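User: I am new to this structure and would like to learn how to read it. Please take me through it feature by feature.

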Amino acid sequence: GNSVTQMEGPVTLSEEAFLTINCTYTATGYPSLFWYVQYPGEGLQLLLKATKADDKGSNKGFEATYRKETTSFHLEKGSVQVSDSAVYFCALSDPGANSKLTFGKGITLSVRP
Amino acid sequence: NAGVMQNPRHLVRRRGQEARLRCSPMKGHSHVYWYRQLPEEGLKFMVYLQKENIIDESGMPKERFSAEFPKEGPSILRIQQVVRGDSAAYFCASSPGTGATEAFFGQGTRLTVV
């Protein structure tokens, strides 16, 4: 079956630090990959996505590249801000499985001033 | 264009009562997914519905849980005889069709069973 594995958290960084959050996946088909962000007390918002190998998704300074050879979709940002503090979820959608999303456990990022 | 609307945002039920969670998808979306987020965990798929049809309920507990998406009105997730372990955040997502690469999420309903 499909699965998503995220690095263990939480992660605490100082403002302007570099961020990497690892994500690897297992899928039987050709999934699309996503990063969702959840701010405190809120629902999930799509941060970025990539639909095929070597695609790079980007938004708000965050980037992730769909690496089929390593089955990875690591999230990066060059300079984090306090407002980036949230929970980040890596997910995949398998068109062969009714496009339902399979999520990683999520990782809490705290950015201190 | 309003987003996915879920209500109530917060719901408190005593053990043994029924919980009804509502989800109105985005305009033009006919596909609805329900997910459950237990404390300190990621979201887990529960059920996928199209108008008047359950397409995939492989993530639904076999007892006490049911879902519907009628021709008119919102999708409903119904939990009968709630227990403390049902306490969680329940999220609904909608998409315009099969193979859509993005689902849009509501803000969730946080169910607390006391």
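User: Where does A:Pro10 lie in chain A?

Analyst: Strands come first. Helices (H or I, at least four residues) and strands (E, at least two) are DSSP runs, numbered from the N terminus. A:Pro10 sits in the loop between β1 (3-6) and β2 (11-14) of chain A. The peptide bond joining A:Gly9 and A:Pro10 is cis, with omega about -5 degrees.

User: What should I know about the source of these values?

Analyst: This is a predicted model: local features need pLDDT of at least 70, side-chain atom pairs count only at pLDDT 80 or more, and totals for chains, interfaces and linings use all residues. Residues are numbered from 1 along each chain as its sequence is written, chains are lettered from A and ligands numbered from 1 in the order in which they are written, and side-chain values use heavy atoms, with hydrogens and water left out.

User: Which peptide bond to B:Pro8 is cis?

Analyst: The general idea: most residues other than glycine have a negative phi, and most peptide bonds are trans. In chain B, the bond from B:Asn7 to B:Pro8 is cis, with omega near -5 degrees. B:Pro8 is in the loop between β1 (5-7) and β2 (10-13) of chain B.

User: What is the phi of A:Glu16, and is the residue buried or exposed?

Analyst: A:Glu16 is not a glycine, yet its phi is positive, about 75 degrees. It lies in the loop between β2 and β3 (19-21) of chain A. Buried means under 20% relative accessible area, exposed over 50%, partly exposed in between (1.4 Å probe, protein chains only). A:Glu16 has 60% relative accessibility, so it counts as exposed.

User: What about A:Asp54?

Analyst: A:Asp54 also is not a glycine and has a positive phi of about 75 degrees. Its loop runs between β6 (44-50) and β7 (56-59) of chain A. At 54% relative accessibility, A:Asp54 counts as exposed.

User: Which residue does a disulfide join to B:Cys23?

Analyst: The partner is B:Cys92 (S to S 1.8 Å). B:Cys23 is in strand β3 (residues 19-24) of chain B and B:Cys92 in strand β9 (residues 88-95) of chain B, 69 residues apart. The torsion about the S-S bond of B:Cys23 and B:Cys92 is about -50 degrees, so this disulfide is left-handed. B:Cys23 and B:Cys92 are buried.

User: How many residues from chain A and from chain B does the contact take?

Analyst: Contact means heavy atoms within 4.5 Å. Chain A supplies 19 residues and chain B 23 residues. Buried area is the accessible area (1.4 Å probe) that two parts lose on being put together, summed over both. Between chain A and chain B it is about 1700 Å², with 50% from carbon and sulfur atoms.

User: Which side chains meet in a salt bridge?

Analyst: A salt bridge is a side-chain nitrogen of Lys or Arg within 4 Å of a carboxyl oxygen of Asp or Glu. The rule finds 1 across the interface of chain A and chain B. B:Asp56 and A:Lys100 form it (2.8 Å, N to O).

How values were computed
Disulfide = S-S within 2.5 Å.
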